[in-house]
Amino acid sequence: MAALATVAVVVAAAIVWLTTRGSAAAAPYEDPASIGTLTLCDAAGKPVISGSTSAAPFVARVVSSTAAAGPYAVAGRTATLFAHQPREGADPAEWSGQQLTAAARYTDPAHPMAQATVKDVALADFLAAFPPRWHGSVQLRLALAAPDAPPSGHYASLDLKVDGRHWQVVGTPGTASCTTGDATSTETLLDPSVTSATRP
Amino acid sequence: MSKRRTAAGTALVGVLVAGALAASQHSALADGAPQPKDVVGVGSDIMQNSVNFLADGHGADLGYNAAGNKYRIFSFDATGDANGRKPFTDPALGTPTQLNGTVTLRAGTSPVQRPNGGSAGLTALINDGKNGVSANKISFARSPNLPTAAQQTAAQQNLGSALHSVQIATDIDYIATATTTNAPANLTGDDLVKIYTGQYTTWGQIPGYAGPAPSATIKPLIPQNGAGMRTVFLNALKQFNGGAAVNPTAATEVQQNDPTSITSLPDAEKPNAIVPFPKGRFTLLDGGYFLNPNAPYSVAAPADPLTTTGIQLHTGAGAWSTTFAYYVIFRQADFDSNEVWQPGGTLNWVQTLFYNPGATPWVKSAPGQALLQSAGVTPAYVDRGNDVQ
């Protein structure tokens, strides 16, 4: 009986650990330009660490653990989600990539935030153009920009592993809250009929 | 010499050669000209901002090149001036005359005449090869008009490929006048045919004219030769001319889509001037995108934005207007190509950027279409294949 209870506790702990810490395995690379990590959020504003590659948009919202600084913390600041394809032997600066969301204006410079809309694509769209080339790895980057400032050369990032039609965060996911502030996609600002992927 | 010393010497030469090559590559990059696999566009003035936004973004809204991919889009402006103005000779040398601008299409090549306008861009694309072999210095043309049948034939002969067109946006052409004008608010297509062909030379000749200056001489302005917007305008007037081509003998040529074509006129001519003007450029001007080019660059004292002050569009009921398409035109062979564009990818450059049935090329993506909207036009994604005018 005691052994059964011990097993139950261990399993429960493992489940908690997996849903809050992502996969134990780390990505097979390091990116010196990465300065923080990301929280992925579903339409209900809850953190997610795995999902289907065919779900569109990929996720509803992405929140950075690292504050925008200097010229990127001003009014009009934006955050944009990119996916990149790690390639063994190539510098991370040379990894090919693609936008997954348009730029979003966000309210809390302590936690830059990209906001998807119902028109944004699934991860599968990126994978069709750039299939994983290194142990299933995909790197997400949150690019910061501001009016009259070039895109920042540094970014918060998060590593995924893709297996078939499933993706899973590897390493340590972000701890920023999905509801720390708000964000509005340029797609919505220009056309209010394009609704946010986050449910109000 | 021992094998070891020979090998060491060979290695040293290799290092020196590699270093020299690396240095030469840095030199080639210094002028910012496109490298061989970069995608190069030329042509239409009215489309240049839209495609620039797609390539490089607008303000804090990021374009395709922001992904940091190895190969990039270079979409060269029509005149070499980012505000769309035509270059002139130095006034100190006498009466200024218009210059043909130039452009370096690929790193290391000599500057060539810069295609100023959609028609000129399409012609340059068609001439980017001979005897069926493409030079591939130009990847695509921006044009508000599809190729003609004759241009398709010439493309096949010169490039060994038909041309393929994709409509990426829609814009509307209106008549612009000075804010204070003698022109009626609802000039019709029939009126315009008679004005541009010299049958109406004064406002009072227009049936029903009730304006303040019936005897004033009308000053019709038209985009320069080679401008796709000139073709759009004249083609749209054909239906009011019994289907026949309109020869605008009464018109004065001006740089297209530029408010100063009216605001720089003498005061006596300003209220009598009319010019076709696209809504997209007008919207972009009103949005503060263009800055006063007479103010030197300064972060501390930024230049004031240009505006549409001094001109107006006649958009009321009954006034002439025509919708027109923004086409990106490329070689059919480039769409059919199996040559992957970006490292690690699966798509060629056409599939990545402009046309990919069943997938989402950049121009069809929600972020790409938002950039087109921010340029003041209505996004579209319509494959026109090998269609002709």
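**Figure 1. Pairing of strands S9 and S10 in chain A of the predicted model**. Strand S9 (residues 137-145) of chain A pairs with S10(A) in the antiparallel sense over six bridges; strands pair if DSSP finds at least two bridges between them. Helices (H or I, at least four residues) and strands (E, at least two) are DSSP runs, numbered from the N terminus. Within this pair, A:Ser137 stands opposite A:Lys161 in S10(A). This is a predicted model, in which local features need pLDDT of at least 70 and side-chain atom pairs count only at pLDDT 80 or more, while totals for chains, interfaces and linings use all residues. Residues are numbered from 1 along each chain as its sequence is written, and chains are lettered from A and ligands numbered from 1 in the order in which they are written.

**Figure 2. Further neighbours of strand S10 in chain A**. Strand S1 (residues 34-41) of chain A runs parallel to S10(A), and two bridges join them; here A:Thr37 stands opposite A:Ser157. Strand S11 (residues 166-170) of chain A runs antiparallel to S10(A), with five bridges, and A:Leu160 stands opposite A:Val169 in S11(A). The hairpin of S10(A) and S11(A) has two residues between the strands, and A:Gly164 takes a positive phi near 65°. Seven of the nine residues of S10(A) (residues 155-163) are buried, so the strand is largely enclosed by the rest of the structure. A residue is buried if 20 or more other C-beta atoms, placed from the backbone, lie within 10 Å of its own, exposed if 12 or fewer, and partly exposed in between. Of the 200 residues of chain A, 46% count as buried.

**Figure 3. Helix H6 of chain B**. Eight of the 10 residues of this helix (residues 228-237) are buried, so H6(B) is largely enclosed by the rest of the structure. The buried residues are B:Gly228, B:Met229, B:Arg230, B:Thr231, B:Val232, B:Phe233, B:Leu234 and B:Leu237.

**Figure 4. The contact between chains A and B**. On the two sides, 24 residues of chain B are in contact with 35 residues of chain A, a contact being a pair of C-beta atoms, placed from the backbone, within 7 Å. Helix H11 (residues 366-374) of chain B gives the most to the chain B side, with five residues. By class, that side has 10 nonpolar, 12 polar and two charged residues; Ala, Val, Leu, Ile, Met, Phe, Trp, Tyr, Cys and Pro count as nonpolar, Asp, Glu, Lys and Arg as charged, and the others, Gly among them, as polar.

**Figure 5. The two domains of chain B**. Domain 1 (39-170 + 324-385) and domain 2 (172-323) divide the chain, with bounds from an automatic or database domain assignment. Their C-alpha centres lie 26 Å apart. The contact takes 21 residues from domain 1 of chain B and 21 residues from domain 2 of chain B. Helix H3 (residues 118-126) of chain B gives the most to the domain 1 side, with three residues.

**Figure 6. The largest nonpolar core**. Such a core is a set of buried Ala, Val, Leu, Ile, Met, Phe, Trp, Tyr and Cys residues joined through C-beta atoms within 7 Å. Of its 137 residues, A:Val62, A:Leu142, B:Leu54, B:Ile329 and B:Leu353 touch the most other members. Strand S8 (residues 163-178) of chain B supplies the largest share, eight residues. Leaving aside neighbours within four places in sequence, B:Ile329 is in contact with residues including B:Leu122, B:Leu125, B:Phe140 and B:Leu163.
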